[in-house]
Amino acid sequence: MLRWLVRVAVVLVVLGAVGAAVVVWVLPWYVRRECVEAAAAHGIALTIDDVTLGAAGFQLIGVHATSAALPGAKAQAPEIDVQMTGLHPDRMTVRRAELTLTGSYRTVDAAFAAWRASPTGGQGGAWAPTSLVVDESRVVWQGPFAENARVEAANTHLDVTWGAPSATVHARSDNVLVVVPGGKLGPWRVDLDRTPGTSRLRVALDPGVPDACTVLIVRSDDLTTSVDVKIPRSPLARLGLPPELVGLHGKALQVEAAVHFAAMGTQRDDATSKGGIYGIEAAGLPAAIDASWEGSASGDPRTGLDVKKAKLAVGPMVGAMTGTLKTFDDGFRLDLAWIATAVPCAAFEAPLGAGSPFDVAFQLRKLVEGAGLARVAGEVTARGGLTFDSRDMGAARVEFKPEVKCQVALFGQ
């Protein structure tokens, strides 16, 4: 009897050792092989360093992925948790991943949609998880809206729910930088929501007050349907907008703006804008000045929108603005020109030709003016322009060229 008990014990030990070997070595190897083969069948080149098993699923360690269907895209993650329902992956959670993309938004989006619609990409199926969650991750996207622009998003969160004909997506990052030639814009908070047929991109220019200064872009599958910019008067430094990138100068620059763009169909777009920039310092003028504008544009997007009823006031100088707004599949370009009517030099309260109001020469001039012994003669004119192309933000330029012809005439001369 004792001999049989010993034999049974030995058999149980052997079976336990075999079972442990299967769990520790065979099953992880099998899971890794199945994951790599399933990915390859759907156009994804996948490498996995290791696999660990859990009660509800398994974990992939050291994952790298690329796809010929998405050139310029690659992803890597130190760990991916996969929760299973039976033999079907139900939820995939990716942490601390790095995703690199190259190409315009429309190009990448179209390539992804084509892959999803293809027999290789499929519309779901047993191979794809019902939902995907990405946390604490970083995205670097070269050329999403301009070839010379790069978007870097840190601490990114992504939720994707798979379904036909396309996925429902929500993405968010509180630290997005846009790198262009000459500098960086941001950091901004960006929220992206996409459902079949439409997408909504919201940019908070001041992440500390996310509802204050915002840009909202709504797109359909084919075109941008609306753009709304709302910026109450705010220091430029808080909005992640380096003034040197557009040629502005000033120690305490502030800006406010309200912009609305709407596509009224395939043959007509409308746009309105109103705002101001405060504390501009320009060569040739003795003190900082403010600028405000308002105007509208409308027309056929295929030929460009004509700027209408637009005017710009720079200090006491006011003039009409003319130009065009052209929209493209991947952005827009604005070209404006401005000429101010002549303004008498006496309209400027700042000292003319003096370094500051405390300058001795300025004080003497004001003294003789008060006694009726002198007057300010001459006039000030100016011209300027704006060039801004969202596809090449590094080439944005603001020009302001004042022409000051002022003299102090003594004793009424």
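The tour below goes from strands to cores to charged pairs.

**Before you start**

This is a predicted model, in which local features need pLDDT of at least 70, side-chain atom pairs count only at pLDDT 80 or more, and totals for chains, interfaces and linings use all residues. Residues are numbered from 1 along each chain as its sequence is written, and side-chain values use heavy atoms, with hydrogens and water left out.

**Stop 1: a hairpin and its neighbour**

Select residues 183-195, strand E9, and residues 198-204, strand E10. Strands (E, at least two residues) are DSSP runs, numbered from the N terminus. E9 and E10 pair in the antiparallel sense over seven bridges. Two strands count as paired if DSSP finds at least two bridges between them. Now pick Asp-193: Arg-200 in E10 stands opposite.

Go to the turn. Two residues lie between the strands of this hairpin. Gly-197 has a positive phi there, near 100°.

Click Thr-198 and find its bridge partner in E11, Ser-220.

**Stop 2: Thr-214**

Stay in E11 and select Thr-214. Is Thr-214 buried or exposed? Thr-214 is buried, because its relative accessible area is 11%. The cut-offs are these: buried means under 20% relative accessible area, exposed over 50%, and partly exposed in between (1.4 Å probe, protein chains only).

Now show what surrounds Thr-214. Leaving aside neighbours within four places in sequence, Thr-214 contacts Arg-202, Val-203, Asp-228, Val-229 and Lys-230. Contact means heavy atoms within 4.5 Å.

**Stop 3: the nonpolar cores**

Select Val-180, Leu-185, Leu-205, Ile-231, Val-314, Met-317 and Trp-338. They have the most contacts inside the largest nonpolar core, which has 54 residues. Strand E16, residues 305-314, gives the most to this core: five residues. A nonpolar core is a set of buried Ala, Val, Leu, Ile, Met, Phe, Trp, Tyr and Cys residues joined through side-chain atoms within 4.5 Å. In soluble globular proteins, nonpolar side chains tend to be buried together.

Zoom in on Ile-231. Not counting residues up to four places away in sequence, Ile-231 touches Leu-205, Cys-213, Leu-239, Val-255, Glu-256 and Ala-257.

Then select Ile-48, Ala-77, Ile-80 and Val-94. These are among the 19 residues of a second, separate core.

**Stop 4**

Select strand E3, residues 74-85, and strand E4, residues 88-95. They pair in the antiparallel sense over seven bridges. Val-82 has Met-92 in E4 as its bridge partner.

Thr-93 stands opposite Val-133 in E6.

**Stop 5: salt bridges**

How many salt bridges does the whole structure hold? The search finds 17. A salt bridge is a side-chain nitrogen of Lys or Arg within 4 Å of a carboxyl oxygen of Asp or Glu.

- Arg-150 and Glu-152: the closest N and O atoms are 2.8 Å apart. Arg-150 is partly exposed at 27%, while Glu-152 is buried at 16%.
- Arg-172 and Asp-174: 3.1 Å, N to O. Arg-172 is partly exposed at 32%, and Asp-174 is partly exposed at 35%.
- Arg-189 and Asp-191: 2.9 Å between the closest N and O atoms. Arg-189 is buried at 19%, and Asp-191 is buried at 10%.

Finish with Glu-79, Asp-81, Arg-95 and Arg-96, which are linked in a network of salt bridges.

Terms used. Helix = DSSP H or I, 4+ residues; strand = E, 2+ residues; numbered from the N terminus.
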